[in-house]
Each structure stands twice: as C-alpha cells, then as structure tokens.
Amino acid sequence: MKDFFKYTLATMTGVILTSVIVFFISAAVFISLISFADDQDVEVKDGSVLQLNLNYPIFDRTPKNTTPMILGDMVNPVGLNEILESIHKAEKDDRIEGIFLNISNVAAGSATITEIRDALKEFKDSGKFIYAYSELYSQKAYYLATVADKVFLNPIGMVDFKGLNAQIMFYKNLLEKTDIEVQILRPDGNKYKSAVEPFFMEKMSEANREQTGKYITAIWETYLDEISVARGLSKDQLNEFADNLTGMDAKRALDAKLVDELAYLDQVYDAIDEATGKEKDGKITAINLAKYRNAEFDDDEPFAKEKIAVIYATGNIVDGDADENTIGSVNFAKAIRKARLDDKIKAVVLRVNSPGGSVMASDVILREMRLLKEEKPVIASYGDVAASGGYYISCFADKIVAMPNTITGSIGVFGMFPNFEGLLKEKIGITTDNVSTNENAGFPNAFRPLNAFEEAELKRNVTDTYFNFTSLVAEGRGMEREAVDAIGQGRVWAGTDAIEIGLIDEFGGLERAIEIAAEEAGLENYRLRTLPDIKDPIEQFMEFITGEQTKNALKSTMGPYYQYLESLKSIEEMKGIQARLPYEIHID
C-alpha cells in the first residue's frame with residue numbers, strides 16, 4: 001500500500017510538472033507565431049480607406065505583442081507614436097483615399113487627442129477626405145471627429161457634449177470611521193499642493209477650487225476654439241448647446257449643426273464608396289490601423305545612421321526598477337545613460353506623461369538628464385500631464401514643448417505619515433509597546449502619532465526639498481527662485497497659461513519636439529531610437545500570468561470605479577517625500 005501511494009504521488013507530480021512545462025512551451029510558441037505574423041507583408045488595396053477606431057487606452061508608444069491580445073479581446077493597441085506615423089504615411093500613400101473615424105469613446109487624454117487631431121488636419125489639407133461616424137460620441141470622441149469633412153451620427157444616437165467636470169474623491173470620513181489618522185506635511189505656502197486634501201478635508205479648498213477651475217476652463221477653451229472653427233459655430237453657441245445638452249437627441253444635434261448627417265453604418269459605407277469612386281456593395285475597402293502600421297511604403301528616404309532617441313517617461317515616478325508604464329529610477333536612469341553613451345544618438349527627446357511621484361527617484365533621474373544635456377541637445381515633449389516630479393525630471397531640457405491642453409506645473413512637495421493606533425486599539429483591540437536604545441530609534445512609527453520633534457524634523461525636510469525643487473527649476477529655466485515660488489506652491493497649470501509664465505517654451509506635440517531636436521543637432525536625415533527598451537512578449541507573458549490577469553479582471557468587473565481603487569493603492573506606494581500631482585482628479 002505504501003508503494004502504491006508513493007508511485008501514485010510520483011505519477012501525479014509528473015503529470016502536473018509535464019502540464020506546466022507544456023503550457024509554457026505552448027504559450028511561447030503561440031507568442032512567437034503572433035510575433036511572426038506581425039512581421040508578414042500587409043496588402044493595401046488601391047482605393048482603400050484607413051479605418052481608425054481608437055476605442056482603447058492610447059499609450060505614448062505601441063507595446064510589443066502582449067498577452068492581453070492573446071488571452072483577451074484580440075485587440076492589439078497602437079500607441080500614439082505609430083498612430084501619428086500611420087496618418088502621415090497614409091497622407092503620402094496613393095493607395096489610401098481617405099480616413100474613416102469609426103469612434104465612440106476615445107480613451108486618451110486631451111493633449112493626446114489634440115496631437116492626433118493635428119495630424120488628421122494635415123492629412124485633410126493634402127486633399128484627401130475624412131469621414132466620422134458614431135452611435136454615441138463621447139465628448140473627446142466628438143472633439144476628434146470635428147476634424148472630419150463629414151460628421152455622421154446614428155439616427156437614434158447622441159453627442160455627449162456638456163462641458164468639463166473635475167471630480168475628486170475625499171477619504172476623510174472613511175479614515176475617521178476606521179480611526180486612521182493621516183499626518184500631513186507641506187511646506188509653508190504650498191496651498192495649491194492639493195494631493196493631500198482628500199485625507200483631511202471633505203471638499204476642495206478654495207485654492208484648489210480656484211486652480212482646478214482655471215485649468216479645466218483653459219482645456220475647455222481649447223476644445224471650443226477648434227470645434228468652433230471646424231463646425232462654423234460661435235463659442236457662445238457651443239456653450240449654449242453644452243448647457244442645454246442639445247447633443248443628447250440626434251435630431252437636435254443635427255439642427256444645431258453639431259453633426260452633418262444622420263445615417264446608419266451601411267449608409268456611411270455608401271458615402272465612403274462614393275467618395276472613393278467604388279461601386280456601392282454594402283462594404284468598404286478598408287484597412288485598420290493595427291495592420292496598416294506594418295504596411296510597406298517606399299518614400300525614397302535614404303537609410304540614416306545617425307539617430308534621435310525618444311525616451312518615454314510614462315506613469316508614476318518610483319524608486320528602483322519598474323515596468324513600461326512606470327518610471328523607475330534604476331531602469332530609467334540606465335536608459336538615459338545609454339542615450340548619452342551612444343555616439344550615433346545625436347539628440348534626445350524626453351517624452352513625459354507623468355503626474356510625478358518620489359522626489360528621490362526624480363532627483364536620480366534629473367542627475368542623468370543634466371549629464372546628458374552636457375553632451376547632446378535635449379528637448380522635452382509633454383503629453384497629457386507632465387507635472388510635479390514629471391516637471392522635475394525635465395526642467396533642464398534645452399526647450400520644453402507642450403500642447404495647449406497639457407496639464408503641467410504642480411511645483412511642490414508633500415509628506416504623509418499614517419497613524420493606525422486608533423484602528424488597532426479601538427476597532428481591533430490590538431495595542432503595541434516597544435523598547436529602544438535611543439530616543440528616536442523607533443521613528444517612523446505607524447502605530448502612534450508623531451511627536452513635536454518628529455513633526456518639526458519632517459516639516460524641515462519637506463521645506464528644504466521644496467526649496468531645492470524651486471532652485472532647480474529656476475536654474476534649469478533661467479529664472480529667479482522667487483519667481484518660480486510665485487508660480488509654484490503646488491499650483492497646476494494648463495499649457496495655455498504655462499507658456500505665459502515661462503514653464504514651457506512652445507506649443508506642439510511629439511513630432512514638433514523631434515523636429516526641434518533635429519534642428520538643434522543639425523540633422524536632416526535621421527532615424528528614431530526609442531528607450532527604455534520594451535520587454536519581449538515572453539517576459540510580458542510571465543508578468544501577466546503572475547498578476548496582470550487579476551488587475552484586468554478587476555478592471556472588467558469594476559468598470560469606471562477601478563480608478564478609485566488605483567487611487568487608494570497609490571497611497572500604499574508613497575514612500576518618502578512626494579512631488580506628485582493630485583492625479584486622482586478625473587476630468588469628464
């Protein structure tokens with residue numbers, strides 16, 4: 001009997017190990033096949049239209065083939081870099097007659113959408129057409145769609161055009177109910193550094209309400225400026241339509257000239273066939289973005305040996321190593337060093353899309369940026385948000401380029417220290433005690449409040465950090481520290497205001513920043529090198545099965561409420577002094 005159990009157990013163990021090995025080998029082969037398929041030639045038929053859906057989160061650069069594509073909805077997201085490249089390629093490609101925007105909810109920030117919209121304007125100026133269609137235009141989708149020659153809306157659809165709203169979640173009452181105290185430390189004068197307000201207030205401070213109102217109004221004005229020109233409507237008319245929710249009814253939207261025509265998708269297909277000179281047959285000759293980005297197109301440009309590096313700084317800034325959607329001080333500093341030491345890289349564009357994070361990590365990265373600047377031209381390109389730590393790491397760039405609706409600034413710092421004594425003692429019944437060799441050996445202690453000495457030391461620390469932050473910005477931007485302090489204090493600015501106060505130099509997107517870098521380096525012919533390097537699909541697959549699927553499942557289950565879980569999780573990741581935007585603000 002003992003042998004029976006021994007052999008049975010051995011057999012079961014062998015089967016399990018074999019299954020695991022087969023699973024991983026199969027996954028690796030599957031990923032390789034997809035990668036191989038991605039490299040195959042793509043046929044673009046004459047008379048085609050490039051179809052853009054964009055109903056997925058748009059990152060600054062295209063990820064490699066990822067496991068969500070394999071195990072999920074089979075959508076391979078295309079990043080902003082290849083969206084712009086594809087639009088410009090289509091502009092010159094004689095096989096492409098026009099672009100079809102079949103969009104509903106564009107999951108991207110305002111600055112990203114504006115960059116895409118600007119590229120579409122150039123495409124349209126070439127003489128090719130753009131048609132847009134949706135059953136329900138979100139506000140961002142409508143802003144993008146207004147670049148089109150014709151804006152079609154489903155006869156029972158709607159245009160969600162209502163103005164911008166910024167909403168913040170406050171945790172004060174929750175913390176009181178659980179007897180958790182959050183001890184806040186801000187330098188004197190940092191009244192706009194509102195990232196800490198949700199932990200000790202129930203609503204916005206007047207300073208935060210003022211700054212939030214100012215920058216969302218500035219972003220809304222950029223929407224109105226573009227839509228007004230595109231639709232031939234005054235800004236007063238557009239505000240009236242927003243206030244009255246005119247777009248909620250398709251007929252009213254048509255009467256108000258928010259759209260050009262009410263039509264079903266098959267009727268839009270007929271219109272596209274007519275525009276391309278194709279016989280109407282209920283379908284269009286279209287190629288989607290994911291395929292077209294790999295299509296060959298000979299523009300007769302010679303191969304270039306010299307390069308411009310685009311370094312993507314995306315996500316929160318954290319100490320140590322990180323993934324492609326987080327800026328880790330270790331791997332990011334390594335990427336900057338790689339660009340500095342590569343003789344073929346003649347200039348660098350730092351693409352920033354970050355609300356900030358760890359001051360220590362930001363300073364490590366800034367050191368590498370300063371060394372880089374001594375060797376080559378460095379241009380900063382700001383995406384949707386480049387604030388606080390995101391501004392910190394880029395303030396020494398030779399030139400800063402941003403969009404009018406970029407969120408930037410937030411030059412300020414804070415510290416937060418939780419006290420769980422009340423939760424443990426009053427709610428759970430746990431107490432703590434300790435013995436120390438020195439007076440402050442137990443500092444910091446999350447199970448008691450800060451004493452006067454500890455609080456004073458921490459306050460001095462954050463005050464010194466803020467002084468250093470403003471001094472660095474002053475040096476990098478060629479300003480007086482007092483002038484930086486006046487526009488700092490944690491205040492958030494939209495690009496339209498940031499250019500007036502000297503925080504940015506020029507309006508433009510990533511492509512404009514690359515043009516400037518080429519000019520500074522004296523390059524006419526060059527190719528792009530992107531950094532940090534993206535992990536290969538097998539590495540991503542391993543990360544996915546060890547945790548990423550849980551995150552995706554939560555996103556799917558919680559829907560729009562997942563953002564609040566992420567906000568709470570970010571609290572756990574805050575270590576040391578933070579230079580961070582109040583990024584839990586959600587603008588709709």
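Visitor: What does Gly422 touch, not counting residues up to four places away in sequence?
Guide: In this predicted model, Gly422 touches Asp179 and Lys427. Gly422 is found in helix α15, residues 421-428.

Visitor: Why is Gly422 called buried?
Guide: The relative accessible area of Gly422 is 19%, and buried means under 20%. The value falls under the cut-off, so Gly422 counts as buried.

Visitor: How far apart are Gly422 and Thr178 in sequence and in space?
Guide: They are 244 residues apart in sequence, and their C-alpha atoms are 7.6 Å apart. In the protein chain, among contacts between residues at least 6 apart in sequence, 75% join residues at least 24 apart.

Visitor: Why are helices α3 and α4 called roughly parallel?
Guide: The axes of α3 (residues 80-92) and α4 (residues 110-125) cross at roughly 10 degrees. Angles under 35 degrees count as roughly parallel, so the term applies to α3 and α4. Their axes come within 9 Å.

Visitor: Which residues make that contact of α3 with α4?
Guide: From α3 come Leu80, Ile83, Leu84, Ile87, His88, Ala90 and Glu91. From α4 come Thr112, Glu115, Ile116, Ala119, Leu120, Glu122 and Phe123. By type, the residues of the contact divide into nine nonpolar, two polar and three charged.

Visitor: Which residues of α4 are buried?
Guide: Among them are Ser110, Ala111, Ile113, Thr114 and Arg117. The buried residues also include Thr112, Glu115, Ile116, Ala119, Leu120 and Phe123, and these six take part in the contact with α3 as well.

Visitor: How do you know that the span of α4 is close to the one expected?
Guide: Helix α4 has 16 residues and reaches 22 Å from its first C-alpha to its last. At 1.5 Å a residue, 22 Å is expected. After α4 comes Gly127, with a positive phi near 105 degrees.

Visitor: What makes the span of α7 agree with its number of residues?
Guide: Helix α7 (residues 206-231) has 26 residues and should span 38 Å at 1.5 Å a residue. Its end C-alpha atoms are 36 Å apart, which agrees. Gly232 follows α7, and its phi is positive, near 65 degrees.

Visitor: What is the order of the open sheet of six strands?
Guide: The order is β7-β4-β3-β2-β1-β8, with parallel pairing.

Visitor: Why do β7 and β8 stand at the edges?
Guide: β7 (261-262) and β8 (286-288) each have a single partner strand, so one side of each is left without a neighbour in the sheet.

Visitor: What makes β15 and β19 a pair?
Guide: Two bridges join β15 to β19 (residues 506-507), and the strands run parallel. At least two bridges are required, so β15 and β19 pair. The bridge partner of Ala402 in β19 is Phe507. Strand β15 (residues 399-402) is also joined to β14 (residues 378-387) by three bridges, with Ile379 opposite Lys399.

Notes
Residues numbered from 1 in each chain as written. Predicted model: local features only at pLDDT ≥ 70, side-chain atom pairs only at ≥ 80, totals over all residues. Heavy atoms only, no water. Helix = DSSP H or I, 4+ residues; strand = E, 2+ residues; numbered from the N terminus. Expected span 1.5 Å × (residues − 1). Axes fitted to C-alpha atoms, helices over the stretch in contact; angles between N-to-C directions. Parallel < 35°, antiparallel > 145°, perpendicular 65-115°, else oblique. Contact = heavy atoms within 4.5 Å. Nonpolar A, V, L, I, M, F, W, Y, C, P; charged D, E, K, R; others polar. Buried < 20%, exposed > 50% of the residue type's maximum accessible area, 1.4 Å probe, protein only.
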